[in-house]
Amino acid sequence: MSDTKIIYIDMDGVIVDFQGQIDYHFESNPDYKSIYQHNPDEIPGIFRNPKPIEGAIESIFKLADSGWYELFIATSATWGNVESAMHKREWIEEHFQDLFKKKMIITHRKDLLIGDYLIDDREANGAKDFKGELIPFGWAYEKETWNTYPTWDDVLKKLL
């Protein structure tokens, strides 16, 4: 039996600077703010080219290279933005090549995932009821405070 632990990693706010992408779209398209203020995840192309969160890419490769973990992406795709799942997959492939090939789970029910850790910035979509350990990452925008693990260095200190 393997001692490899399973880690699920959320995308938006964890490896992708989603807030930065929202700000960019609102600044580039002034009409978008009034149209998408309450549902920015429905902005056309919002998931196409966001910047990575500082340290995310390198940290995920360090976790993968450790040999201690099997890594998966666990993300939600916006129901009202049919391109979101495709754009998220393309982003993952561009930044991680084959690391997450066939290891990307799109779900609004993270409580159904089976594993050891979930790295997420929110407790929504079942994250608070994940059966393993939730690693609260980054800025908790709903609570307007920093989570327990504000940076990827903090996550690495816990997991490596």
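Biologist: Why does leucine 156 count as buried?

Modeller: The relative accessibility of leucine 156 is 11%, and the class of buried residues covers those under 20% relative accessible area, with exposed over 50% and partly exposed in between (1.4 Å probe, protein chains only). Leucine 156 therefore counts as buried. This is a predicted model, in which local features need pLDDT of at least 70 and side-chain atom pairs count only at pLDDT 80 or more, whereas totals for chains, interfaces and linings use all residues. Residues are numbered from 1 along each chain as its sequence is written, and side-chain values use heavy atoms, with hydrogens and water left out.

Biologist: Which residues does leucine 156 contact, leaving aside its neighbours within four places in sequence?

Modeller: Leucine 156 belongs to helix H5 (helices, H or I of at least four residues, and strands, E of at least two, are DSSP runs numbered from the N terminus). Beyond those neighbours, leucine 156 is in contact with Ser59, Lys62 and Leu63, where contact means heavy atoms within 4.5 Å. Leucine 118 lies 38 residues from leucine 156 in sequence and 14 Å from it in space, C-alpha to C-alpha.

Biologist: What makes the arrangement of H3 and H5 roughly parallel?

Modeller: The axes of helix H3 (residues 56-66) and helix H5 (residues 152-159) come within 10 Å and cross at roughly 10 degrees. Axes are lines fitted to C-alpha atoms, for helices over the stretch in contact, with angles from 0 to 180 degrees between N-to-C directions. Angles under 35 degrees count as roughly parallel, over 145 as roughly antiparallel, 65 to 115 as roughly perpendicular and the rest as oblique. H3 is therefore roughly parallel to H5. On the H3 side the contact involves Ala56, Ser59, Ile60, Lys62 and Leu63, and on the H5 side Trp152, Leu156 and Leu159. These divide into six nonpolar residues, one polar and one charged (Ala, Val, Leu, Ile, Met, Phe, Trp, Tyr, Cys and Pro are nonpolar; Asp, Glu, Lys and Arg are charged; the others, Gly among them, are polar).

Biologist: Why is the relation of H3 to H4 called roughly perpendicular?

Modeller: The axes of H3 and H4 come within 11 Å and cross at roughly 70 degrees. That angle makes H3 roughly perpendicular to H4. Ile57, Ile60 and Phe61 of H3 make the contact with Trp91, His95 and Phe96 of H4; five of the residues are nonpolar, one is polar and none is charged.

Biologist: Why do S3 and S5 count as edge strands?

Modeller: Five strands form an open sheet with parallel pairing, in the order S3-S2-S1-S4-S5; strands pair if DSSP finds at least two bridges between them. S3 and strand S5 (133-136) each have a single partner strand, so one side of each is left without a neighbour in the sheet. The average twist from one strand to the next is 25 degrees.

Biologist: How many bridges join S1 to S2?

Modeller: Five bridges join these parallel strands, and isoleucine 6 stands opposite glutamate 70 in S2. S1 and S4 pair over three bridges, with isoleucine 119 in S4 as the bridge partner of isoleucine 9. Four bridges join S4 to S5, where tyrosine 117 is opposite glutamate 133. H3 lies across S1 and S2, at about 140 degrees to S2, and H4 lies across S2 and S3, at about 160 degrees to S3.

Biologist: Which residues have the most contacts inside the largest nonpolar core?

Modeller: They are Ile7, Ile9, Ile15, Ile119, Trp152 and Leu159, in a core of 27 residues. A nonpolar core is a set of buried Ala, Val, Leu, Ile, Met, Phe, Trp, Tyr and Cys residues joined through side-chain atoms within 4.5 Å. Another core, of eight residues, lies apart from it and includes Ile22, Ile43, Ile46 and Phe47.

Biologist: Why is lysine 102 classed as exposed?

Modeller: Lysine 102, in the loop between H4 and S3, has 80% relative accessibility and therefore counts as exposed. Its phi is near 60 degrees, a positive value in a residue other than glycine. Most residues other than glycine have a negative phi.

Biologist: Is glutamate 144 buried or exposed, and why?

Modeller: Glutamate 144 has a relative accessible area of 63% and is therefore exposed. Its place is in the loop between strand S6 (139-140) and strand S7 (145-146), and its phi is also positive, near 55 degrees.
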